[in-house]
Amino acid sequence: MTTSSSAPNMEEEKGLEITEREPDLEDQLPAAEIQSQPWTEQITLRGVLVSMMIGIIYSIIVMKLNLTTGMVPNLNVSAALLAFVFVRSWTKVLHKAGFVCKPFTRQENTIIQTCAVACYSIAVGGGFASYLLGLNSKTYELSGVGNEGNSPSAVKEPGFGWMTGFLFVVCFVGLFVLIPLRKIMIVDLKLTYPSGLATAVLINGFHTQGDKMAKKQVHGFMKYFSISFLWGLFKWFFSGIEDCGFEQFPTFGLQAWKQTFYFDFSMTFVGAGMICSHLVNLSLLLGAVISFGLMFPLIDRLRGDWFPDNLEESNMKGLYGYKVFISIALILGDGIYNFTKILVSTVLNVLDRTKSKNHKNAVAADRQGNPTRDLKQTETFLKENIPMWIGIIGYVAFTIISIITIPHMFPQLKWYYIVVAYIFAPSLAFCNAYGAGLTDINMAYNYGKVALFTLAAITGKENGVVAGLVGCGLIKSVVSVSCILMQDFKTAHYTSTSPRAMFICQVIGIAMGCVTAPLSFFLYYKAFDVGNPHGEFKAPYALIYRNMAIIGVQGFSALPDHCLQLCFGFFAFAIGVNMVRDFSPQKIGKWMPLPMVMAVPFLVGAYFAIDMCMGSLIVFVWHKLNSKKAELMVPAAASGLICGEGLWILPAAILALAKINPPICMKFLAS
């Protein structure tokens, strides 16, 4: 899948999690078989084991993406493909060995995909590269030791115990928020949820297109997986010390290399670029050219005028401060605009549907194309009802647990702030889930930022940074999990999967994710220099989030000289670009860049934007040569590239922990 939203379900920071809007997907859906199994038979032991395997693999992959650039593509379709590959291969092996095994159905495929996505989404949105990592001492030092509000008491080092406990407390709340509104949002309002619908299209296609097409995708996945894994192993031998190897290959010359313009041969980012839309990748490249190509070299010439020339590279009062705060300005401008737009459109849409006397007739007319299929799918969706009391009791129970446990973990965040947060959380979750149903943009990170600024401002300079970061995580987790759940309900609806089975697998997936996500984080945190602004694992959003909290506490006094004017300019640019996209003719608006995507290279550099654009170029050429084959094989090839090199990270981290270093350093110097 590619993306069209400003940002990343873009972010995270979610890293930025990129999603795609798929037009008229309902018309592409093949007739789904109507499940006759009870919901208990849709959940299988092999399904849970495969979900765990995929969840662990993807947790490791997305954690790397989070800690390097903060951008994570939407991997739902890839997870569905991987589930199909694993189970179909397993059943064929057993069949050849003479064993009889249970048939693999689209419902089981949906359950595995749902469980795996719930698992790895904790690694995406759990704050390991943003609000939780922003509490550690390295981010505290990078944010300016001695700055008002940025005190040593506002530090909490990462720990498996408290991180796992925090995730268990805050993530499960989101599962129970919107259960009472399941029928209204999916059946009555018939919200689209394009990513959920696209996943349903793929799963239904797997189980109707026949073995010939499926074999091609499986073969393609395994081919590119093997190439990517072996390439990761090959690159490792040449990366003996820092700034060595293919990751620092001066593709466009040494002068461009100094400004981070080089192709680093990362199959992970090339695969991610194949999944993301051309607009996202070109927006990244534009942001890289504006920042490291033009602006920062010019600002660097003003050392001694705009900022002292004896500062370290990571000092927030120097060039690094401009990088951080301009990124924040772009993210906030884009986020506030889209937040307002979706909130207004949600309110207007709800009012319009409420007032419309002909809404039921309109819905009936919408279903004229295949009324039998729609009626049977809806009947299946509503038959396995989830009682409202489960949602109410679950929400109240986990709210009480949060009120008791979170102040013990973080004394800076008082219990009454948590009570107020959970009072407002259901309405925020509804607005976000409704907006995502219309636009496919998960705005949870923006709701989190609102909580961050609000709590940082009202709790004062002594407690504001910690209270803001933790409160951000609390709201973001509730709003994001509830939105993902509703998106998966859409997939369940169109694959005739029991919502009750899907909900239970969401619970299992989140429980797995609350354990696997911290483990995958510490795999990197112990083996690599996470948070080093000059290293591979920069964790850019940790610094961004902490500085947002500092701005909330200090105000604009936290900015370096002349940075405020630049921030206002880029904030206005982000809003202006969005307005042009929305109000100009489509032939002009479709070329407008995505400001939140542009913000990432300002802090990270240009190298990964070049990788992503390389992926975009591969897709473009593939479609020109053979469009039908490209449509079938791009998801498989991209998934293989991402999973191959992503899985190599595991042995690489183990080697690093064992103090086994690569034997060769390949480095390029001026002649």
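Which residues are linked with K235 in a network of salt bridges? K235, E247 and E645 are linked in this network. A salt bridge here is a side-chain nitrogen of Lys or Arg within 4 Å of a carboxyl oxygen of Asp or Glu. The model is predicted, so local features need pLDDT of at least 70 and side-chain atom pairs count only at pLDDT 80 or more, while totals for chains, interfaces and linings use all residues. Residues are numbered from 1 along each chain as its sequence is written, and side-chain values use heavy atoms, with hydrogens and water left out.

Side chains of opposite charge can pair when their charged atoms come close. The search of the whole structure finds six salt bridges. One of them joins R46 and E108, at 2.7 Å from N to O. R46 lies in helix α3 (residues 45-68) and E108 in helix α5 (residues 106-125), so this pair ties together parts that are 62 residues apart in sequence. Helices are DSSP runs (H or I, at least four residues), as strands are (E, at least two), numbered from the N terminus. R46 counts as buried at 16% relative accessibility. E108 is also buried, with a relative accessible area of 3%. Buried means under 20% relative accessible area, exposed means over 50%, and partly exposed lies in between (1.4 Å probe, protein chains only).

A further salt bridge joins K138 and D529, at 2.5 Å from N to O. K138 lies in helix α6 (residues 137-142), and D529 lies in the loop between α22 (499-527) and α23 (540-554), so the pair ties together parts that are 391 residues apart in sequence. K138 counts as partly exposed at 28% relative accessibility. D529 counts as partly exposed at 42%.

K235 and E247 also form a salt bridge, with their closest N and O atoms 3.6 Å apart. K235 lies in helix α11 and E247 in the loop between α11 and α12, so the pair ties together parts that are 12 residues apart in sequence. K235 is buried, with a relative accessible area of 4%. E247 counts as partly exposed at 24% relative accessibility.

Aromatic rings were examined next. The search of the whole structure finds 44 aromatic pairs. Rings of Phe, Tyr and Trp (its six-membered ring) pair if their centres lie within 6.5 Å; planes under 30 degrees apart count as stacked, over 60 as edge-to-face and the rest as tilted. F249 and F265 form an edge-to-face pair, 5.3 Å centre to centre, with 85 degrees between the planes. F249 lies in the loop between α11 (211-236) and α12 (254-258), and F265 in the loop between α12 and α13 (267-275), so the pair ties together parts that are 16 residues apart in sequence. F249 counts as partly exposed at 23% relative accessibility.

K156 takes part in two contacts with rings. This lysine lies over the face of W162, at 5.3 Å from the ring centre. The charged end of K156 also sits over the ring of F410, 5.6 Å from its centre. A charge sits over a ring if NZ of Lys or CZ of Arg is within 6 Å of the ring centre and within 35 degrees of the ring normal.

The expected span is 1.5 Å times one less than the number of residues. Helix α21 (residues 460-494) has 35 residues and should span 51 Å; its end C-alpha atoms are 49 Å apart, which agrees. In α21, 31 of the 35 residues are buried. The helix bends by about 30 degrees at V466. A bend is the angle between axes fitted to the seven residues ending at a residue and the seven starting there. S496 follows α21 and has a positive phi, near 55 degrees.

Helix α22 has 29 residues and should span 42 Å; its end C-alpha atoms are 40 Å apart, which agrees. α22 bends by about 30 degrees at G513. Helix α18 (residues 388-409) has 22 residues and should span 32 Å; its end C-alpha atoms are 31 Å apart, which agrees. α18 bends by about 25 degrees at I403, and a proline, P407, follows within four residues. Buried residues of α18 include G391, Y395 and P407.
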